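I opened this notebook to record what I looked up about pockets, cavities and helix packing. The entries follow in the order in which I made them.

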Amino acid sequence: MSSHNLKERITEDWNWRSQEYTGRSDMYLQSEKQQRLWQQTLHGLISSQGERTLDILDVGTGPGFLALQFARMGHQVTGLDLSLSMLEIASEKAAQRQLNCTFLQGDAEALPFADCSFDIVANRHLLWTLPHPGRAIREWMRVLKPGGRLLIMDGDWTSRHLSRKQKLRIAMGHTLTFFTKGKIPWKGKGRGYDDMAHLLPFSGVDPGKVIALMEAAGLEEIKEYDVQHLLAADAESFPLAYRWSFIDSHRRFIVAGSKPE
Ligand SMILES: C[S@@+](CC[C@H](N)C(=O)[O-])C[C@H]1O[C@@H](n2cnc3c(N)ncnc32)[C@H](O)[C@@H]1O
């Protein structure tokens, strides 16, 4: 499959699953405690930039999970995504919350921005969907201002490193979904990803691979941050089936690094 066709398939897939994905994304940040913890964590990750309004790019913004939070913190935010359906949802959410964000269509691996445009480039759950993660990280580095920070949040969504206990919980979660919702949760989530999986090197992203790519791109002061406090707080508002089949199972992480001055 050519690179162009692959991107078209990925775009079509995310357009198709945008509503279902947003439904799950909306389970986050339900309580004040969850919002406070997320904001404190994000604030800590960008605090090296000082107390000022920052230019922030959320790549693969989807329904705007990170973009909207950074905007609520008073920053100047651009959310970029391949999927127009996702961008429409993110724009609606920003309007409902009276937040000022710019949303635009673009490719995370070939950004439509000049060098050194942003103080922060952030992304959440994007890297595993990309055919060329190394190229993407070099692009994110290019658009960062000197001294700017790159934040990557992702996880290992495969079953490769799961213990028997974790696999059992996932099976229990799926069974519970089947009996309570009458649907098989692992069917119909996306149309394209199964047969594209071999073209996406990072279906299971581990922090070691991300750190290696960030080092290769020239970032420095790279560090992995713990996310257990966020997962525990997030889980409080999730239905049990979703907790079992998703939240409690997969290893997640945040890695951040800086562009040299
Ligand atoms: C798993 S969702 C994550 C959405 C959001 N960041 C979040 O935390 O909920 C992945 C998003 O990345 C977008 N995406 C996939 N490949 C992309 C690319 N090459 N460039 C820009 N966005 C892309 C998809 O359209 C989708 O909205």
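How do the residues of the lining of the second largest pocket divide into nonpolar, polar and charged? I found five nonpolar, five polar and four charged. In this scheme Ala, Val, Leu, Ile, Met, Phe, Trp, Tyr, Cys and Pro count as nonpolar, Asp, Glu, Lys and Arg as charged, and the others, Gly among them, as polar.

Entry on sources. I noted that this is a predicted model, in which local features need pLDDT of at least 70 and side-chain atom pairs count only at pLDDT 80 or more, while totals for chains, interfaces and linings use all residues. Residues are numbered from 1 along each chain as its sequence is written, and side-chain values use heavy atoms, with hydrogens and water left out.

Entry on the pocket. I looked up its volume and found about 250 Å³ of space in the second largest pocket. Its lining has 14 residues, and Asp26, Tyr28, Leu29, Lys93 and Arg97 are the closest to its centre. Helix α3 (residues 65-72) gives the largest share of this lining, four residues. On a 1 Å grid over the protein atoms alone, a pocket is an open set of points with protein on both sides within 12 Å along at least five of seven lines, a cavity is a set where a 1.4 Å probe fits but cannot get out, and lining residues have an atom within 4 Å of a point. A volume is the space filled by probe spheres set on the points, which are joined across faces, edges and corners.

Entry on the cavities. I recorded two cavities of 30 Å³ or more. The largest cavity holds about 320 Å³ of space. Of its 23 lining residues, Gly60, Thr61, Gly62, Asp81 and Leu126 are the closest to its centre. The largest share of that lining, four residues, comes from α1. By class I noted twelve nonpolar, seven polar and four charged residues in the lining of the largest cavity.

The second largest cavity has a volume of about 90 Å³. Among its 13 lining residues, the closest to its centre are Trp38, His125, Met153, Val227 and Arg252. I noted eight nonpolar, one polar and four charged residues in this lining.

Entry on helix packing. Helices α5 (residues 133-143) and α8 (residues 207-216) pack with their axes 9 Å apart, at an angle of about 50 degrees. I therefore wrote down α5 as oblique to α8, since angles under 35 degrees count as roughly parallel, over 145 as roughly antiparallel, 65 to 115 as roughly perpendicular and the rest as oblique. Axes are lines fitted to C-alpha atoms, for helices over the stretch in contact, and angles run from 0 to 180 degrees between N-to-C directions. Helices (H or I, at least four residues) are DSSP runs, numbered from the N terminus.

Terms used: Helix = DSSP H or I, 4+ residues; strand = E, 2+ residues; numbered from the N terminus.
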